[in-house]
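Visitor: Please show me this structure and walk me through it.

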Amino acid sequence: MSILKQVISDLVGMFLKDARLTITILVLVAAVAFLIRDEGLTPLTGGWLLLGGSLALLVISVLRASGRD
Amino acid sequence: MDWSTAAPVVTAAFLASLVEVVEAFTIILAVATLRGWRPALAGTFSALGLLALIVIILGPLLDRVPLHLLQLVVGVLLLLFGLGWLRKAILRAAGVIALHDEEAIFRREQAQLSHEAQLAERSQDWIAGIAAFKAVLLEGLEVVFIVIAVGAGRGLLWPAAGGALAAVIVILSIGALIHRPLAKVPENTLKFGVGVMLSAFGVFWTGEGLGVAWPGADMMLVWFAAAFLATGLIAVALIRARGPEVDT
């Protein structure tokens with residue numbers, strides 16, 4: 001049973017290494033999807049927004065982790 | 001098969017698997033040197049058997065998922081997985097957190113096994129075998145995910161699996177020759193590179209899943225990787241310039 005628990009915890013941990021980064025990435029993807037589907041944003045513009053947002057969130061996350069933001 | 005499309009997939013699967021196999025190999029070697037190769041191999045092959053079963057059961061289900069949905073789900077998971085790796089690699093490269101030390105993990109695993117074996121004198125081989133089983137299963141699941149994630153979106157599962165298999169062969173061959181933990185592998189550099197590639201794939205698949213037709217199609221992966229690499233290196237330089245404190 002402990003092996004199963006550890007496997008599940010490791011599987012979850014694969015995608016949730018940093019909870020704040022995970023949540024913000026999910027919010028970013030949801031926002032881009034909303035803008036494309038409901039607000040008439042062109043898919044390609046949405047794609048660039050996704051790329052720029054991911055890069056920005058990465059930088060914010062590491063600066064915060066280094067305690068210097 | 002178009003190699004300009006397959007090459008990034010095979011390379012990403014190979015490099016990511018290399019990191020995972022090194023980590024599993026360290027534990028297997030710790031088990032083997034402490035209790036012999038029998039429990040180490042028993043645990044290893046049991047885990048490989050279970051992994052094969054998982055792939056055989058789940059593999060055919062992938063064909064039933066609509067392509068756009070598969071790209072979106074896999075893309076988001078890759079983005080989370082890749083950015084997680086990249087974040088950690090940046091923090092390690094900048095000295096904020098300690099580097100992964102295979103020698104230390106090897107010694108810690110041996111100490112842990114010795115302690116557990118003393119508590120249960122009669123089942124030492126069983127405990128050692130379970131340790132190898134867990135290591136191979138956990139690292140193997142990550143390899144399976146990476147192979148599916150980078151390969152499924154373009155129907156390149158077999159080339160991706162080939163990349164992962166090549167990584168297993170490389171590490172086992174080197175390991176068989178030197179019989180020591182592979183401490184010389186530049187693990188953080190590899191993780192940095194893999195984090196860059198998986199994040200690039202993540203943005204690419206998520207975009208395609210949302211209906212984005214990327215200009216230049218698959219070639220855009222190279223530009224995405226360049227963007228993540230440049231951003232990662234700038235982040236390392238920024239943190240180093242400010243003088244981080246090492247957190248072990």
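**A guided tour**

Guide: The rule finds one salt bridge over all chains. A salt bridge here is a side-chain nitrogen of Lys or Arg within 4 Å of a carboxyl oxygen of Asp or Glu. This is a predicted model: local features need pLDDT of at least 70, side-chain atom pairs count only at pLDDT 80 or more, and totals for chains, interfaces and linings use all residues. Residues are numbered from 1 along each chain as its sequence is written, chains are lettered from A and ligands numbered from 1 in the order in which they are written, and side-chain values use heavy atoms, with hydrogens and water left out.

Visitor: What area do chain B and chain A bury between them?

Guide: Buried area is the accessible area (1.4 Å probe) that two parts lose on being put together, summed over both. Carbon and sulfur atoms hold 81% of it. The total is about 3500 Å².

Visitor: Which three residues supply more of the area that chain B buries against chain A than any other three?

Guide: Their part comes to 19% of the area on the chain B side. They are B:Leu80, B:Arg87 and B:Leu210.

Visitor: How many salt bridges does the rule find across the interface of chain B and chain A?

Guide: The same interface is searched with the salt bridge rule. The count across chain B and chain A is zero.

Visitor: What is the volume of the largest pocket?

Guide: On a 1 Å grid over the protein atoms alone, a pocket is an open set with protein on both sides within 12 Å along at least five of seven lines. Grid points are joined across faces, edges and corners, and a volume is the space filled by probe spheres set on the points. For the largest pocket the volume is about 1600 Å³.

Visitor: Which element gives the most to the lining of the largest pocket?

Guide: Lining residues have an atom within 4 Å of a point. The lining has 50 residues, and B:Leu51, B:Val55, B:Gly140, B:Val143 and B:Val144 lie nearest the centre. With 14 residues, the element that gives the most is H2(B).

Visitor: How many cavities of 30 Å³ or more are there?

Guide: A cavity is a set of points where a 1.4 Å probe fits but cannot get out. The second largest cavity holds about 40 Å³ of space, and its lining includes B:Thr5 and B:Trp205. The count of cavities is two.

Technical notes. Helix = DSSP H or I, 4+ residues; strand = E, 2+ residues; numbered from the N terminus.
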